[in-house]
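Please look over the sequence and the model below. A short report follows, with one topic under each heading.

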Amino acid sequence: MRLQGVYTALTTPFTTDGQLDEKGLREHLRFQVRHGIDGIVVLGTTGESPTLSGEEKARIIEIAREETKKKTQLLVGTGSYSTSQTILATKQAEQLGADAALIVTPYYNKPTQEGLYRHFEAICQATSLPICIYNIQGRTGQNLQTETLQRLTSLPAIIGVKEASGNVPQMSDVIEGISRRKKHFSVLSGDDALTLPLIALGGHGVISVVSNLIPGAIKSLVQAALNGDFVKAQEWHYQLLPLFKATFIETNPIPIKAALSLYGMAAGSCRLPLCDLLPHNYEQLANVLKQMPQEWIEGYGQT
């Protein structure tokens, strides 16, 4: 399995009374598929996975597989700070038809680099699902060092990394030291605003938040960059940059769900402890969205 292109880190839509909005979830998935997205990621941070019940998680995977089967790749977020629980979640994703698992490095308990290696080693020994590692020090408190990642690539199931460290020199080291030598290994940006720099360095795409709203535009940026047309890619980058900034004005996924709601797309409020966008930030987001070409969101709600 090869990871390349645009993967949407899908939001989880809720009804007005806070329940899982299955109809809205299907509409959102169909919108993504219609715009030719390369893959869908469910149960990630953007999907508010920490607030979902086990039953909701299973149902989301089932619906996502039904809507994406034979159309686009499906990745499922299965990581936690418990190795045993991560193994159980990864096995469930495998049983429900996921193509790969996105597994964040354990958070809160801050394992050593050796502990991180053993965590992923144990998962690989217990399951056969391809694994994309998610490195995001800002949320986990622990950076997966390049040397450790290099060790992990000796495990056949490890097929890529979602790099959200925000550390461009580190991303460059990962590409130069690993993916340029191991052609099966993909490096994906975990930050929309760093998509172009990462691909210019030799990366392979993005796991995007903003593509929830405008999958076609993000796809155009990434495709231009992957094709080596960096003049066109730069045009897309700077056109999208205000939106990249506005959709991270508060903790993700608060702003992107507000943006989806502004356009009548399935979203709903975030579940506590995340709360609605502050009024002044909401106004700033709305002003940025007013400048956005309307054709970027065409086709939502079509069957």
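K110 lies in the loop between β4 and α4. Helices (H or I, at least four residues) and strands (E, at least two) are DSSP runs, numbered from the N terminus. K110 is not a glycine, yet its phi is positive, about 50°. Most residues other than glycine have a negative phi, and most peptide bonds are trans.

E48 is a further case: not a glycine, but with a positive phi of about 55°. This residue sits in the loop between β2 and α2. E48 counts as buried, at 3% relative accessibility. Buried means under 20% relative accessible area, exposed over 50%, and partly exposed in between (1.4 Å probe, protein chains only).

## Basis of the model

This is a predicted model, in which local features need pLDDT of at least 70 and side-chain atom pairs count only at pLDDT 80 or more, while totals for chains, interfaces and linings use all residues. Residues are numbered from 1 along each chain as its sequence is written, and side-chain values use heavy atoms, with hydrogens and water left out.

## The barrel

How do the strands of the barrel pair, parallel or antiparallel? Eight strands close into a barrel in the order β1-β2-β3-β4-β5-β6-β7-β8, and the pairing is parallel. The twist averages 25° from one strand to the next. Two strands pair if DSSP finds at least two bridges between them. Strand β6 (residues 158-163) and strand β7 (residues 186-189) are joined by four bridges. G160 has S186 in β7 as its bridge partner.

Helices lie across the strands. Helix α9 (residues 215-226) lies across β1 (5-9) and β8, at about 150° to β1. Axes are lines fitted to C-alpha atoms, for helices over the stretch in contact, and angles run from 0 to 180 degrees between N-to-C directions.

## Helix α2

Helix α2 (residues 54-68) has 15 residues. Its first and last C-alpha atoms are 21 Å apart, close to the 21 Å expected at 1.5 Å a residue. That expected span is 1.5 Å times one less than the number of residues. Buried residues of α2 include I60, I61 and I63. The buried residues of α2 pack against α1 (22-34), β2 (39-42), β3 (73-77) and α3 (83-95). Just after α2, K70 has a positive phi of about 65°.

## The annotated site

Which residues does the UniProt annotation "binding site" cover? The unreviewed entry gives T46 and I207. They span 162 residues in sequence, yet no two of their C-alpha atoms are more than 10.5 Å apart, so they gather at one spot. Both T46 and I207 are in the lining of the second largest pocket. UniProt annotations may be inferred rather than shown by experiment, and their positions use the numbering used here.

T46 is in the loop between β2 and α2. T46 is buried, with a relative accessible area of 5%. I207 belongs to strand β8 (residues 205-208) and is buried too, at 1% relative accessibility. Contact means heavy atoms within 4.5 Å. Leaving aside neighbours within four places in sequence, the contacts of T46 include N252 and P253.

## Cis peptide bonds

A cis peptide bond joins N252 and P253, with omega about 15°. P253 is in the loop between α10 (230-246) and α11 (254-262). L272 and P273 are also joined by a cis peptide bond, with omega about 20°.

Terms used. On a 1 Å grid over the protein atoms alone, a cavity is a set of points where a 1.4 Å probe fits but cannot get out, and a pocket is an open set with protein on both sides within 12 Å along at least five of seven lines; lining residues have an atom within 4 Å of a point.
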